[in-house]
Amino acid sequence: EKDGYDHFMLKEIFEQPHTIFDCLRGRLDVNAGTITMAGVQNHIDQIKNANRILIIACGTSWHAGLVAEYVFEELCRIPVEVEYASEFRYRNPIVNKGDVIIAISQSGETADTLVALESAKEKGATIFGVVNVVGSSIARISHAGAYTHAGPEIGVASTKAFTAQLAVLTMIALKVGHEKGTIDETRYRKLLKELEEVPEKVSAALKLNDHIKALAEKYKDARDFLFLGRGYNFPIALEGALKLKEISYIHAEGYPAAEMKHGPIALVDETLPVVFVATKDSYHEKIVSNIQEIKARKGKVLAVISENDEIIEKMADDVMIVPFADELVAPLISVIPLQLLAYYIGIAKGCDVDKPRNLAKSVTVE
Ligand code: M6R
């Protein structure tokens, strides 16, 4: 059932061109310029007119929520707050009737998320589920939703479910923004096309496999890792750090690249690998200076960059080159090398990558 792969995690990483395609299929129609999502359509007025959107999730799903925050605010001009389910539920949160809550969960069974949703639902919020497992508890308590259709995810580390979450959330934001009139038609059409091109760009990114395997050998003995990104790629830095921690047991931290100078820069010396998620986007110039700050302190820089980025290529110790994509969909592609990096470092260290110690696939305890 691993289809010739050594582990479910690797199989699931390599499935992503297909799972993203399946997630877009039947929804995205580039020629017609439409996105068909019944769950969104049925609640369109409510979502469009929401005073704010709350996103509730844990772990990797929470990272997808952070990307969605940027995407929704940009395309729909609706304020978004992203909450850790466990923090949200215990602090007597303010939920108003008519608030729209987007719950993100691969398993649909995460206890913290489920209980947070139950109490918000009692307070009159509308729950919109972005869930992978059909018929799961979170899918059932949601008023509406959109499945991610990534198929069963067996590896404890979430990979293909994450990119499917990003695809679904981006489609929702595009649909709502278009209906609301907060995206101009040209940009809307351009982004539909960009989304359609994601599966083939993910395939291209997967060609980094052997290169990343070699990088894993080179960096596997590091004690700590720092992951930095800005804008849409900031949550991808967090995700890269989480993947590495859970799979290889190496201590890793993700930070917004500019926040580094407010503390974590103290960690930088010649033994610290710093992974930059630095694809070409509106933050590019800024992140180039952040890379300089690390190099000036002798940190080792590994950078995920777009094709033809000679500037960063010259500065970095190692690069992982991915196809260029609009910054709004770039996270779907820039996360791929980080998933592979975590996998191969885990393998190089002899870890049980499909079942890391102390972790369960779905966390059904509080
Ligand atoms: O099933 P969920 O998406 O609700 O799970 C949330 C987290 O437990 C999950 O993403 C966890 O962080 C993964 N092990 C990350 O790889």
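**Ligand contacts and helix packing**

An oxygen atom of the ligand lies 2.6 Å from an N or O atom in the side chain of S107, a polar contact in the sense of a pair of N or O atoms within 3.5 Å (within protein, one must be able to donate a hydrogen and the other to accept it, and residues adjacent in sequence count only if both atoms are side-chain atoms). The model is predicted, with local features needing pLDDT of at least 70 and side-chain atom pairs counting only at pLDDT 80 or more, while totals for chains, interfaces and linings use all residues. Residues are numbered from 1 along each chain as its sequence is written, and side-chain values use heavy atoms, with hydrogens and water left out.

**Ligand surroundings**

- The ligand is surrounded by 13 residues, of which the closest are S61, S105, S107, T110 and E246, a residue being near if one of its heavy atoms lies within 4 Å of the molecule or strand.
- A ligand oxygen atom is 2.4 Å from an N or O atom in the side chain of T110, and a polar side-chain atom of S61 is 2.6 Å from an oxygen atom of the ligand.

**Helices α5 and α13**

- Helix α5 (residues 59-76) packs with helix α13 (residues 234-248) at an angle of about 170 degrees, their axes being 9 Å apart; helices are DSSP runs (H or I, at least four residues; strands are E, at least two), numbered from the N terminus.
- Axes are lines fitted to C-alpha atoms, for helices over the stretch in contact, and angles run from 0 to 180 degrees between N-to-C directions.
- The angle makes α5 roughly antiparallel to α13, where under 35 degrees counts as roughly parallel, over 145 as roughly antiparallel, 65 to 115 as roughly perpendicular and the rest as oblique.
- The contact (heavy atoms within 4.5 Å) is made by G59, T60, W62, H63, L66, V67 and Y70 of α5 together with F234, P235, I236, L238, E239, L242 and K243 of α13.

**Helices α13 and α16**

- With their axes 9 Å apart, α13 and helix α16 (residues 331-348) pack at an angle of about 20 degrees, and the two are therefore roughly parallel to each other.
- In α13, I236, E239, G240, K243, L244, I247 and S248 meet P331, S334, V335, L338, A342, Y343, I345 and G346 of α16.

**Helices α2 and α9**

- The axes of helix α2 (residues 16-24) and helix α9 (residues 160-180) come within 9 Å and cross at roughly 30 degrees, which makes α2 roughly parallel to α9.
- Residues Q16, T19, I20, C23 and L24 of α2 make the contact with K160, T163, A164, A167, V168 and M171 of α9.
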